[in-house]
Amino acid sequence: MEAISKNFFLYLSNNKLLDRFAKRFGKRFGADKIVGGETFSQAIPLIQQLNHEGLQVTVDHLGEFVNCEAEARDRAQECIRCIQSIANHQLNSEVSLKLTSLGLDINRELVIENMETILEEAEKRGVTVTIDMEDSSRCEATLEIYKELKDKYENLGTVVQSYLYRSDKDLDELDACKPYLRLVKGAYKESGKVAFPDKESVDKNLKHLIKKNLLNGHYTAIASHDDAIVDYTKKLVEEHDIPNERFEFQMLYGMRNQMQKDLLKEGYNVRVYMPYGEDWYGYFMRRLAERPANIAFAIKGIFCK
Ligand SMILES: Cc1cc2nc3c(=O)[nH]c(=O)nc-3n(C[C@H](O)[C@H](O)[C@H](O)COP(=O)(O)OP(=O)(O)OC[C@H]3O[C@@H](n4cnc5c(N)ncnc54)[C@H](O)[C@@H]3O)c2cc1C
């Protein structure tokens, strides 16, 4: 049953017609519990509150299916305005972005140009940028661009997904550029040709990647709401005497709020991933796919507004 519901919501997340419908009719369907607002200004007080509680943040301007150059350039400008706002409001926040929103599906030069403009501003303002990882068809291009840019810009991270068979080798190939990596299980619908089909292998591989990246000496963000992964990391860092400055836990805005606070109390660094923007649809559907319990607040959202 869980697999059917997961596939159903992952299928919906890619439906461009529903995406347009959701944007046009704008009902939030409970999305406001996990999205920081439709504009960055709306997200600012929420980020300030999280910072006040001791939580760090990374913000993501939601947006998928960008397939024209002008829109990709607009997205880059929005990122730049966001970086400037972070600096002006002295927010403790990084920026996360997706290369498809900057033109990955259009042409490589456009993405590089957009990324360089963003990274110049980010470097000037002392803000770190992380490139989210999208579906497996974009993985190779994303990592190639990451390696190229990381040579020039220190303040750049990316993501490796443990459901992909290739990820262990990717870690080896990233080693030379001293990557800043967020390690996750992976959120897209993938075929058994490229990804482990069962949760047990995905979890096992995530533990393996966390250990490998930390022992390679690279800063690691462990992005998971799973107690087993968090507990594994705690034991690992204790065993290997890895100080808290070398890693952080990351969780999505609105998910496991109590766990975020508990980790803070224990002295760990915790960062909250806060998406904002009008394009909440695909993000929201992937979250419904991950956890059937999220469907409850979606239904509440429909009937209680
Ligand atoms: C900060 C962040 C950034 C991410 N960036 C990317 C990215 O760039 N690319 C990408 O593909 N994916 C990304 N993801 C999504 C990720 O790949 C997973 O799809 C997602 O995190 C679900 O996996 P999980 O490890 O959290 O737990 P799951 O494997 O979904 O759940 C395991 C167990 O954890 C517990 N649990 C999980 N969620 C909750 C909850 N909300 N409340 C209570 N218990 C819960 C339950 O006991 C559950 O059985 C990101 C995730 C995070 C947190």
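This is a short talk on the structure shown above, from the whole chain down to single residues.

Hi everyone, and thanks for coming. Please keep in mind from the start that this is a predicted model.

Let's begin with the whole chain. The protein chain has 12 helices and 8 strands. Of its 305 residues, 53% are buried. If you take the contacts between residues at least 6 apart in sequence, 75% of them join residues at least 24 apart. The accessible surface of the chain is about 14400 Å², and 51% of that belongs to carbon and sulfur atoms.

Now let me take you to strand E8.

Which strands pair with E8? One is E1, residues 56–61, which runs parallel to E8 and is joined to it by 6 bridges. Within that pairing, valine 57 stands opposite valine 272. Another is E7, also parallel to E8, with 4 bridges between them. There, glutamine 250 stands opposite arginine 271. If you follow the chain from E7 through helix H10 to E8, you trace a right-handed β-α-β unit.

A search of the whole structure turns up 6 aromatic pairs. Take phenylalanine 247 and tyrosine 268: their ring centres are 6.0 Å apart and their planes meet at 55°, so this pair is tilted. Why does this pair tie together separate parts of the sequence? Phenylalanine 247 is in strand E7, residues 247–252, while tyrosine 268 is in the loop between H10 (257–265) and E8 (270–276), so the parts being tied are 21 residues apart in sequence. Phenylalanine 247 is buried, at 1% relative accessible area, and tyrosine 268 is buried too, at 13%.

Tyrosine 268 has another partner, phenylalanine 249. This pair is edge-to-face, with 5.5 Å from centre to centre and 85° between the planes. Phenylalanine 249 is in E7 and tyrosine 268 is in the loop between H10 and E8, so here the parts tied together are 19 residues apart in sequence. Both phenylalanine 249 and tyrosine 268 are buried. Put together, Phe247, Phe249 and Tyr268 form one aromatic cluster.

While we are on rings, have a look at tyrosine 283. Arginine 287 lies over the face of that ring, 4.6 Å from the ring centre.

Leucine 55 is in the loop between helix H3 (40–52) and E1. Its relative accessible area is 2%, so leucine 55 counts as buried. What does leucine 55 touch, leaving aside neighbours within four places in sequence? The contacts are Leu50, Gln260, Leu264, Val270 and Val272. The C-alpha atoms of leucine 55 and asparagine 92 are 8.4 Å apart, although 37 residues separate the two along the chain.

The other one is asparagine 114, in helix H5, residues 108–125. Asparagine 114 is buried, with 4% relative accessible area. Not counting residues up to four places away in sequence, asparagine 114 touches Ala72, Arg73, Ala76 and Leu102.

Finally, a word on the backbone. Most residues other than glycine have a negative phi. Glutamine 90 is not a glycine, yet its phi is positive, about 50°. You will find glutamine 90 in the loop between helix H4 (69–88) and strand E2 (93–97). Buried or exposed? Glutamine 90 is exposed, with a relative accessible area of 73%.

Lysine 178 also has a positive phi without being a glycine, at about 45°. Lysine 178 is in the loop between helix H7 (167–174) and strand E5 (180–184), and at 61% relative accessibility this residue counts as exposed.

Definitions and conventions. Residues are numbered from 1 along each chain as its sequence is written. This is a predicted model: local features need pLDDT of at least 70, side-chain atom pairs count only at pLDDT 80 or more; totals for chains, interfaces and linings use all residues. Side-chain values use heavy atoms; hydrogens and water are left out. Rings of Phe, Tyr and Trp (its six-membered ring) pair if their centres lie within 6.5 Å; planes under 30 degrees apart count as stacked, over 60 as edge-to-face and the rest as tilted. Helices (H or I, at least four residues) and strands (E, at least two) are DSSP runs, numbered from the N terminus. Buried means under 20% relative accessible area, exposed over 50%, partly exposed in between (1.4 Å probe, protein chains only). A charge sits over a ring if NZ of Lys or CZ of Arg is within 6 Å of the ring centre and within 35 degrees of the ring normal. Two strands pair if DSSP finds at least two bridges between them. A crossover is right-handed if, with the strands pointing away from the viewer, the path from the first strand over the helix to the second runs clockwise. Contact means heavy atoms within 4.5 Å. Accessible areas come from the Shrake-Rupley method with a 1.4 Å probe; for residues, only the protein chains shown count as cover.
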